[in-house]
Amino acid sequence: MKWKKFAVVASLSVLGLLLAYAIGEMPSFGSKNTPDKLHVIPRYLQKSEEEAGAKNIITGVILNYRGYDTEGEVTVIFSALCAVVALLGREKRRLSRSGVDAAGKPTSVIVNTVVRFLVPIILFFAVYVMLHGEDSPGGGFQGGAVVGASIIIFTLAFGLPKSTEKIPLGFRIPLESIAVFAFLSMGFLGMLFGVNFLTFILPGLSHELAHTVRFLMLSFIEVGIGVAGGIIFTSIVFSMIREDEYELQPDLSQS
Amino acid sequence: MSVSSFPILLTAIPLSFAALCPIWGMWKKEACFPWSVAGVSATAFISWALVSKFSAVGTIGYKVGGWAPPWGIHIRIDFIGMLLAVVISSAGLLILIYSWRYIVHEVEEAKIPYYYTLYLLIFAAMLGFSITGDLFNLFVFMEIFSITSYALVAVSGEGKALRAAFKYLLMGAVSSITVLFSIAFLYSVIGSLNMLDISKRLPNTPYVVVVNTALALFTAAFAVKAAVFPVHMWLPDAHSIAPSPISAILSALVIKMGVLGIFRVVFTIYGHGFPSTSNLWSSLCGFVSWAAAFSIVIGSSMAIIQRELKVMIAYSSVAHIGYILLGICMLAPRGMTGGIFNIVAHAMGKACFFLVAGSLIYKHNMKRIRELRGIGRTMPVTAGAFAIASLSIVGLPPSAGFMAKWYLLWGCFQKGRYVFVAMVLLGSLLSAIYCFRVVYYMFFTGPRLHTQKVDEVPPSMYVPAALLSLGTLVLGIYSTPLISAINKFVGSLPVK
Amino acid sequence: MGREVKSVLPILIVFTPCLSLAGALLWRNKRPRFARFVYVGSSVLTFILILLLYPRAMNGTVSTQTILEIAPRITLGFRIDTLGFYFGLLLSVLWVIASFYSLGYITSRETRYYSFLSLNLSFCLGVAFSANMFTLFIFYELMSLFTYPLIIHDETDIARRAGLKYLVYSITAGAVILAALIMQYFYSGTLAFTGRGTIGAAGVSAGVLKVIFSIYLLGFGVKACIMPLHGWVPDAHPAAPAPASALLSGVILKVGVFGIMRVVYDVFGVDLLKRLGVSLPMLYVASISIIVASIFAITQTDLKRRLAYSSVGQVSYIIFGLFLLSKSGAYGAMLHVAHHAFMKGTLFLCSGIIMHELGTKDVREMDGAGAKIPLTMIAFSIAALGMMGTPVTCGFISKWLLGVGSVEAHRVYFIAVLLISSLLNAVYFLPIVYSAFFKKVTVRELFSHEAPLSMLLPTLICAVLVLILGVFVTVPGLPYSLIKVVMKVIPL
């Protein structure tokens, strides 16, 4: 075993040294006129708003110029969910008792009240982040993370049964694939109009209308990513809670 | 939707089917299988339709979102991408059909919709990986098929499976992050993600060290995915413990993605113009071909000493990845032909092997080679498929594996690498030992003929195995169109 | 010389034996007798089809048929020149004899046995009729693999061990031939057989040519059991059932020799080999093989092992004749292919009857066998005398020609090898004949009687052929007349 550990440490150190060496040769951070700033980026900087329909350049790149990559990324998240569910299974609905949190302790009134007060605000903020990713920092992924966080807080405070009551499995399953589905449906929509997959300017519409449609399409994707992201995080956490409770079950029955 | 939009459908169709698969599963669990078969066969049809277009016009391009290449993502189906797309979609369909009856055996009923979803995802991701022309897109699809394959290895939920998957996850994650680093390196000094664009801009870059580092890291990272000799440790566990159809997918297709990654980096990106400014390229190829040669010998030797059938087959994959990479990285034209041809030959032969191993587990729960006595008599089609496929894996005529070996050896002579000739031949002798040992137990031992009735697995399980094994035979007897196409493609690569 | 005609016959002939597979699959359970008829009938049919080619073979016409292009510029094709025809004819005759014999001898696992027997006929014919080295190699490898079930037919431990040894030897040999094949293709760019050497025209250096030549010989030498490579023979022959060992020794070893003949006449060509100077070393190898194998044969007490070692020696005669590179030497070599096939075939078939009827394989336990199974032992004696090179048997003819060939090649002293070998043959064969006919019957043989007709008749036919080939040498249609046509093409 010892030589194995040694080999691992040695190979990782070699890798690290190599990386450090190469980083030393890279153009220093923030310097002007490096190759990466002269090739594709200028077009993104100058034309993003007009071409890609997003004031936020990052959003323009993510959703439009490189939308196909983002489609892949949401698929990665979806795959992660499928992986978790395939390994752990869904939450078992009638396993835990109300009034008992994930750690098996009774929850306090203060926490419950605060959470009940906070969750709508957090959700509201999440929707804002999703919808305004187009012209300010944020976007679907970030919004989704916030949605997920709000639901997780709620679950911590009120326990799994209450959460699954609010967002039941039958509701979550379709929403989990909504991000992938949003991308694909918008892509196919373009193809129905005879343009390439994931083209957001549809032909045959007037300039104004086309831009409005593009805005709607992009927003649909943003919201889709947000909702699906949030639900996927929630589902993953639910699966894991069930796993924890399952292990804690003997302790609970003793006390 | 005309033929011109087919390239994107290769990933879009299976992804849509994957996204909707859990919803079908919510309604009715049995509906997932026909649903996925519909998706995969539609994709297979599209890939074959693309073949006819490819043979007419050559490389097929598709601008996703209508953006011109350096700015948007460009799908570019060159020959090797086309070849892999066809192999993936056809073998994927057969393996999917096989897994219908099999998977009930190993996966809990509640998880079955997610099994099919993961299957469609890995299928889509491999197709996307094969046909993309964009480096970052390559990485994205690599992440999808990596994550799904970790999950699929562990899907049975047994402790052994979880351990194997975790080992796979660790090595795979290191490799993925290394690929990401390399992409960052390249982007920081080239400023582009499109592979052709990068390859055009590479020779003029002043940042040779960074570019070289990226090349080395890329190769090392993809070598992990391909499971070449020094970094093959994850493969025997993961491939032998996964449910058999998944082993088939992993061994026949997923490790080929690592090979394709190396190919993309070494030839598509760095192959044109760059070699003249750096000698790292050729020495790296030399290094990889030595690693591949050792893979052949060590993988085959390890396969011989295994007692369990699936572990043996898994080690055999290490050896065969060696054949493929040796051919590709030896930089001899005919060796390249052999290497690329072996991608197809090995995919069929190894998929058949794992399907047969799965049938044996399904029917009799036989895992050890010694237990296979008399299987040739009770399960003639399954055992026969194994015997025919083993011809190809060993590389005996007339089989696809033989043609691959023929061109590989020819390549060795073109480069005058007689050591590799010896290693390849030694490898095939060793593989004869491990394959024929199984065939021997199946056919020439065990109880007498008349006492036993034929007792086969369901047709949905033996037909895919039989088709794959017949495929190796047909491709061995008539490979002219494929090989001349490969030769034409090799002519466009920087190998002399 | 050598008109070429396109013909479907080659394909038809090669695939006819596969008919018996249909017999195996369709009728083996329902109508076993009919299935057996199909097994034997397919080999007879093959024989008849080959006879159809006789007129073409006699006037040197070559029948060709390209089947398909396996890979660019690599074709699978048949080309029956007279040498190939000669081999094919020999194969089919022996196969008919062995099939009939098997009807009486084989009682278990018939389906497998006959299927593989017929498949092997197919593949051997494929080797004989191949149009290029690639086709030859494919059929050669298939034949190597598919012989395995015949060797381990009895599924005893000894048979399994022999089978394993056989597989290891032949698969290694296959890999070696593959290396040579690729080298030939790489350096000369062609694999086709044209009747004269092709590799010399490619301007390859003599060193490389010698390497290719020796790799080829190493590869084919395993099947042709040239001495250091003969290890599998003494195990495989005794393990296989008698008709299968008759075929192993009579034909399958010869397929290795046939490969060497193709290498000598069609790949390198006689002139090139003379220039390369490989003749003398090969003669030494063959001579050592002849003598050492004979000495080993004397030390064996198992009859079939003794016969197996004898085969090692006798096949080396053919190699010897081949590498004399003289006209009579070539005649002797090619004649000996058929002659040895019939002689050794008779001996193995007899050994089968002896085992079957007397229940012994030990040469020391055959006292008085002549009284119990007289016809068998007469056949045995004829073939044994043939092995020693006694006149009136065919063994004499080929040995005589080999001797003449040595003189022609100005290597007179090699005649000594032939003489010593004859002497050694006498030492290991005559005692068996003597004890069979001139010793008292021992107790254990009291109840034995002559073999059933299905076994006896093929054996006797084989023995009679030994005499016919020894007396009517020049009758058209017998080997000599065919070889005459062959030799017109070969520049000796």
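A polar contact here is a pair of N or O atoms within 3.5 Å; within protein, one must be able to donate a hydrogen and the other to accept it, and residues adjacent in sequence count only if both atoms are side-chain atoms. By that rule, eight residue pairs (both at pLDDT 80 or more) are in polar contact between chain C and chain B. The structure is a predicted model, in which local features need pLDDT of at least 70 and side-chain atom pairs count only at pLDDT 80 or more, while totals for chains, interfaces and linings use all residues. Side-chain values use heavy atoms, with hydrogens and water left out, residues are numbered from 1 along each chain as its sequence is written, and chains are lettered from A and ligands numbered from 1 in the order in which they are written.

**Chain C with chain B**

- In terms of contact (heavy atoms within 4.5 Å), 32 residues of chain C meet 31 residues of chain B.
- The two chains bury about 3,000 Å² between them, 77% of it on carbon and sulfur atoms, where buried area is the accessible area (1.4 Å probe) that two parts lose on being put together, summed over both.
- One salt bridge (a side-chain nitrogen of Lys or Arg within 4 Å of a carboxyl oxygen of Asp or Glu) is counted between chain C and chain B, and the side chains of Arg377(B) and Glu155(C) meet in a salt bridge at 3.5 Å, N to O.

**Chain A with chain B**

- Here 52 residues of chain A are in contact with 60 residues of chain B, and about 5,100 Å² is buried between the two chains, 73% of it on carbon and sulfur atoms.
- His39(A), Arg66(A) and Tyr68(A) supply 14% of the area that chain A buries against chain B, more than any other three residues.
- Arg66(A) also joins Asp134(B) through a side-chain salt bridge (2.4 Å, N to O), and the count between chain A and chain B is one salt bridge.
- Across this interface 16 residue pairs are in polar contact (both at pLDDT 80 or more), and α5(A) gives the most to the side of chain A that touches chain B, with 16 residues.

Definitions and conventions
Helices (H or I, at least four residues) and strands (E, at least two) are DSSP runs, numbered from the N terminus.
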